Amino acid sequence: MSNEAAKARLAELLDTAETHMANLAEAQRQRAELTATASTARGRVTVTVDAEGKVIETVFASGIEEMGHQEIAQAFTAAAQQAAATVQRKATELMAPLQQELARLPSLSEIVPGLPDLAELLPEPPEVSTAPPAARARAGTDDAQGMQFRNVEEYDHTRSGPKSATTDTSW
């Protein structure tokens, strides 16, 4: 590819990226305004969540007094999870055209041979559990369990030498 052709290709790519960024900003603005509402317990518990799935409103309808505390808690949890799933689906639908547009853009390795494609380097996030904190389904998902590190250097604790501020136990 000639130098002029490469410059033209890069200019075209920059224009496309600029348009994509403007479209992304608009989609993010629209996503931030998303809400979803779900009702459970025959309409006696209604929960509304924002775009991040955070509860922003809870409404108890007449007849709620006939329910026990455990039933209300379960109905609230179910409604919140349903609303969160709905708002997630709406956000995915909103972002789908941008994802398709992004997929049409050339990868870095197509532009500069030898560069890695950044999308391939990103780890897949784990699925988030909706189980209650004490549930068996949550076992193994807390803290850093299951996290693995590569290219780790073992530290020899028996080695003597000057202490650094980060390993000095006197403070």
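Is R89 buried, exposed or partly exposed, judged by relative accessibility? In this predicted model, R89 has a relative accessibility of 42% and counts as partly exposed. The side chain of R89 meets that of E93 in a salt bridge, with an N to O distance of 3.1 Å. R89 and E93 are four residues apart in helix α2, a separation of about one helical turn.

Helix α2 comprises 36 residues, 69-104. A kink of about 40° is located at M95, shortly before P97. M95 is also among the buried residues of α2, which include I72, A83, V87, L98 and E101. The cover over these buried positions includes α1 (3-32) as well as the strands β1 (36-40), β2 (45-49) and β3 (55-60).

Strands β2 and β3 pair in the antiparallel sense over five bridges, and T46 has V59 of β3 as its bridge partner. The two strands form a hairpin with five residues between them, and G53 in the turn adopts a positive phi of about 85°. A salt bridge joins E52 and K54, the closest N and O atoms being 3.0 Å apart. E52 is exposed at 53% relative accessible area, whereas K54 is partly exposed at 48%.

Five salt bridges are present in the structure. One of them links E66 to R44, with the closest N and O atoms 3.8 Å apart. Since E66 lies in the loop between β3 and α2 and R44 in the loop between β1 and β2, the pair ties together parts 22 residues apart in sequence. E66 is exposed, at 63%, while R44 is buried, at 12% relative accessibility.

Notes:
Residues are numbered from 1 along each chain as its sequence is written. This is a predicted model: local features need pLDDT of at least 70, side-chain atom pairs count only at pLDDT 80 or more; totals for chains, interfaces and linings use all residues. Side-chain values use heavy atoms; hydrogens and water are left out. The expected span of a helix is 1.5 Å times one less than its number of residues. The bend at a residue is the angle between axes fitted to the seven residues ending there and the seven starting there. Buried means under 20% relative accessible area, exposed over 50%, partly exposed in between (1.4 Å probe, protein chains only). Contact means heavy atoms within 4.5 Å. Two strands pair if DSSP finds at least two bridges between them. A salt bridge is a side-chain nitrogen of Lys or Arg within 4 Å of a carboxyl oxygen of Asp or Glu.
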